[in-house]
Amino acid sequence: MNKRPQKSKQTATKGNIRIIAGKHRGRKLPVILAEGLRPTTDRVKETVFNWLMPYIQQSVCLDCFAGSGSLGFEALSRGAEQITLLELNKAAANQLRQNQQLLKAENMQIVHTDSLSYLRDLQALHKKGDKPLFDLVFLDPPFHKQLAEQAAILLNAGCLADNAIIYVETEQNSSQQLPANWQLLKEKNAGQVSYRLYRYHPE
C-alpha cells in the first residue's frame with residue numbers, strides 16, 4: 001500500500017526527449033518534469049534546426065535556460081564544437097549531467113546556475129579582455145517572467161561573436177523587447193509559443 005503512491009510519483013516526475021538527427025539520431029534521454037521546464041516539441045525543434053542547419057557545424061553554443069536539454073543535445077548531435085548548458089533547477093541540472101555521461105559528450109559543459117548571474121560574470125570577463133564569445137545561443141526561458149529580455153540585454157554586452165545566431169522562444173504576444181541590433185531572420189508561431197531566429201550585429 002505504501003509503495004504504490006511512491007511509484008506513481010516517480011512516474012509523474014520523469015519523461016524523455018528524443019534527438020531528431022545527427023550523430024545521436026533517435027536516442028531518447030530521460031528528463032525531469034518540473035515546474036517551468038518546457039521541452040521544445042519535436043515539431044518546433046525540427047523547424048528550428050532546419051533554420052540552424054547552416055550555422056551549427058563547429059559552432060560554440062550557449063543554452064541559457066537548458067531545462068530538459070532538448071535544444072542543447074540536438075545541437076551537440078548535429079556537430080556543435082562546444083556547448084554550455086545553464087540550468088537553475090538542481091534536479092534538472094543533475095539529469096543533464098547524467099545524459100551528458102550517457103552520450104559521452106566531452107565537449108559539453110553543464111553549469112548549475114542562475115543564467116542572468118552567469119551572463120553578468122561573462123560581462124566582467126569581457127571587460128578584463130578575456131572574451132568568452134558564443135556564435136550560437138538558445139534563449140528559451142520560463143514564460144511570463146521577462147527573462148528573455150533581461151538575458152538578451154546581458155548577451156548583447158560582450159557575450160556574442162560578430163554575426164552570432166540567437167534562437168528565442170517566448171509566449172505569444174509577449175511584450176518583451178529585444179535589442180535593436182538583432183536582425184530578425186525567421187519567425188513562426190505554434191500554439192501559445194512564438195519562436196524566432198536572429199542575427200547579432202555589433203552596435
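Which residues do ring pairs link into a cluster?

Modeller: Ring pairs join F49, F138 and Y167 into a cluster. The model is predicted, so local features need pLDDT of at least 70 and side-chain atom pairs count only at pLDDT 80 or more, while totals for chains, interfaces and linings use all residues. Residues are numbered from 1 along each chain as its sequence is written, and side-chain values use heavy atoms, leaving out hydrogens and water.

A search of the whole structure finds four aromatic pairs (rings of Phe, Tyr and Trp, the last by its six-membered ring, with centres within 6.5 Å; planes under 30 degrees apart count as stacked, over 60 as edge-to-face and the rest as tilted). One of them is the tilted pair of F49 and F138, at 5.9 Å centre to centre with 40° between the planes. Because F49 belongs to helix α2 (residues 42-52) and F138 to strand β6 (residues 134-139), this pair ties together parts 89 residues apart in sequence (helices, H or I, of at least four residues and strands, E, of at least two are DSSP runs, numbered from the N terminus). F49 and F138 are both buried, that is, under 20% relative accessible area with a 1.4 Å probe and protein chains only; over 50% is exposed and in between partly exposed.

In helix α2, the buried residues are V44, K45, T47, V48, F49, W51 and L52. These buried residues pack against β1 (14-18), α3 (70-77), β6, β7 (160-171), β8 and β9, where contact means heavy atoms within 4.5 Å.
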